[in-house]
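Good morning, and thank you for coming. Please look at the structure on the screen while I go through a few of its helix contacts.

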Amino acid sequence: MEENVALKPRGRFGLRYWTDREDLLGPLFLFPAVIYIIALVGIPFLIALAYSVTDVTAGNTSLDFVGLRNFQAILKTPQFLTSLGNTIMFTVISQIIIIILANILALILSTDFRGKWFARFLIMLPWATPIALGTIGWLWLLDSKFSPIDWVFRYLHLLGEPGALLGAQKNLFYLGRLELAKASIILIYVWRMLPLSAVILMAGLTSIPQDLLDQADVDGAGFWRTLFQIKLPLIIPIMSIALLFSLIFTVGDMAVVYVLTRGGPVYYTQILPTWAFYKGIESGALAEGAATALFLFPVLLAVAILVLRFSRRTEVT
Amino acid sequence: MKNLKRWLKRSLLYGAVGLFCFFSASPFVWMLITMFKEDKDLYRSANNPFLFNEPPTLEHLDLLLNGTNFPVFLRNSMFIGVMVVLITLVISIPAAYSLARLVGRWGERAGIGIFLVYLVPPTLLFIPLARVVVSLGLHNSLWSMVLVYPTITIPFSTWLLMGFFKSIPKDLEEAARVDGYSRLKSFIKVIMPLSFSGVVAVTAFTFTLTLHEFVYALAFVTSSAQRTISVGVPTELVRGDVFYWQSLMAAAAIVAIPVGIVYNIFLDRLVAGFTMGAVKG
């Protein structure tokens, strides 16, 4: 910075001096963002922690400390345990399917073919659409009476007649039968997150140096060998980024369950966010709602550790 | 023989592309077919659902635009989107520049810290934030969402812009300062114009993220006139247990398809932003 001192004829305390000081400008530029995040993410998070150990409700907002009683209480309710189990199950199964399909889709989209722009547009649509509206589309697609999927099955004589493969009833009732309802929810998560994961993986594939692939070609490595020994190992870091985002968006969503099944049949497809919403907002049991939502935190923490370790590794290289 | 193999490979590729496109697009195709159907066509389970057994009609689109709160939701979403974009840009442009160029070594750490905030899902914070909104007197007000949505958009925008600022050669700034510009002035006059495309990308994402948001909008607002597209359409356009399917599908399609096109234009930028952590640390 020495040479800049020579450029400043107006003295130490002028405007000129102030606008040139990195040690002032840096924090000053960062300040609004930090304040915003502390005020509206940091403090609310602390409030959530505080709520979870008190007996606060929407009607009586005085905070009386009750220790871990809320956690003990919710751990005894079957609705909470079902929600917890569903959250874990929906998330794990959908992430496994997403990462497998996304690898395939990324490989496909990184080749050249006719009409690629349009194909990419169609494939990206689920991610670009507000999820609540996408789910409305599925709600109608899976309608108990007018589902076009059922119509196709009936047309192919797989449904709706005696001895048919899928049963003699006229409809499959996707959202009324527990297993099918769960499968539908997972399907929508996959549908929504697949595009994003695939494009992130695509970015990973395109960043593989062409020399390396040429060399492999010269050395006589075939498609599968190149795939498993060069491409996949090299995109593992980026695969963890793709997984991270699809995980965060899956855990951070309640629109799919809220719009598609409303937690039903009965409460068997509730997930933690929808159950916390029902408790904390609709019934005003703030403490229980906050305690329920906090069970998402371990997932979050695991993800954060993953990112931190990851970023440290790239710092070294 | 070689030709046959090539041909097989090609058809396998197109087959796979077709399957993925079908999976992704089928709800939208179904929306587009449904929205123009007559009631007596739609609600007969014997009819082929993919064909127009009765002539198409615009009656349900008309109902949506003139007989429901849909235009209000659209206006609310636009208003929130514009306000959130402005707040996000004003806060995250300087923050990103600061992290990229000004605060030096611990900027990297702070950058990761900001990124981690992005990972806190709305589903964790909506209960305390709903109380905060009530105590600020913003319950049932569009301003509650204007206030809270930047917590979702600022971290990602900062992260994305940081990458842009880092990619601009330092020489340019130094040259500007040799010419007598101050640090602040060189940022405004030299760096900002060069990052225009980044700012456009951030604007597009911020706007679409606010359109997507569901949890906060559901928790903060209970009156119909203040709802957004995302919450208003699935909760308000269903009257009791009566679903106005054609109008619902029209509402979804009207929003989904334009946003889809915008998203596709900026897709590569988005991917660059998402993967920056992996590529550049």
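Helix 6 of chain A passes helix 14 of chain B in a right-handed crossing. Please bear in mind that this is a predicted model.

Let us now consider the whole contact between the chains. It takes 83 residues from chain B and 84 residues from chain A. On the side of chain B that touches chain A, helix 1 of chain B, residues 2-34, gives the most, with 14 residues. By class, that side of chain B has 61 nonpolar, 18 polar and 4 charged residues.

Chain B has 15 helices and 2 strands. The C-alpha trace of chain B spans about 75 × 75 × 35 Å along its principal axes. Of the 281 residues of chain B, 48% count as buried. Consider also the contacts in chain B between residues at least 6 apart in sequence: 75% of these join residues at least 24 apart.

Two helix pairs within chain B deserve attention. How are helix 8 and helix 11 of chain B arranged, roughly parallel or roughly antiparallel? Helix 8 of chain B, residues 150-167, and helix 11 of chain B, residues 196-212, pack at an angle of about 160°, with their axes 10 Å apart. Angles over 145 degrees count as roughly antiparallel, and this is therefore the term for helix 8 and helix 11 of chain B. Helix 8 of chain B passes helix 11 of chain B in a right-handed crossing. Among the residues making this contact are Phe156(B), Leu160(B) and Phe164(B) of helix 8 of chain B, and Ala201(B), Phe205(B) and Leu209(B) of helix 11 of chain B. By class, the contact has 9 nonpolar, 4 polar and no charged residues.

Helix 11 of chain B also meets helix 14 of chain B. The axes of helix 11 and helix 14 of chain B come within 10 Å and cross at roughly 145°, and the crossing is left-handed. Here Ala204(B), Thr208(B) and Leu211(B) in helix 11 of chain B meet Val259(B), Val262(B) and Tyr263(B) in helix 14 of chain B. This contact has 5 nonpolar, 1 polar and no charged residues.

Finally, I draw your attention to one residue of chain A. Tyr267(A) lies in the loop between helix 12 and helix 13 of chain A. Tyr267(A) and Gln79(A) are 188 residues apart in sequence, and their C-alpha atoms are 6.6 Å apart in space. Leaving aside residues up to four places away in sequence, Tyr267(A) touches Gln79(A) and Thr82(A). Thank you for your attention.

Technical notes. Residues are numbered from 1 along each chain as its sequence is written. Chains are lettered from A and ligands numbered from 1 in the order in which they are written. This is a predicted model: local features need pLDDT of at least 70, side-chain atom pairs count only at pLDDT 80 or more; totals for chains, interfaces and linings use all residues. A crossing is left-handed if the near helix is turned anticlockwise from the far one by less than a right angle, and right-handed if clockwise. Helices (H or I, at least four residues) and strands (E, at least two) are DSSP runs, numbered from the N terminus. A residue is buried if 20 or more other C-beta atoms lie within 10 Å of its own, exposed if 12 or fewer, and partly exposed in between; C-beta atoms are placed from the backbone. Two residues are in contact if their C-beta atoms, placed from the backbone, lie within 7 Å. Ala, Val, Leu, Ile, Met, Phe, Trp, Tyr, Cys and Pro count as nonpolar, Asp, Glu, Lys and Arg as charged, and the others, Gly among them, as polar. Axes are lines fitted to C-alpha atoms, for helices over the stretch in contact, and angles run from 0 to 180 degrees between N-to-C directions. Angles under 35 degrees count as roughly parallel, over 145 as roughly antiparallel, 65 to 115 as roughly perpendicular and the rest as oblique.
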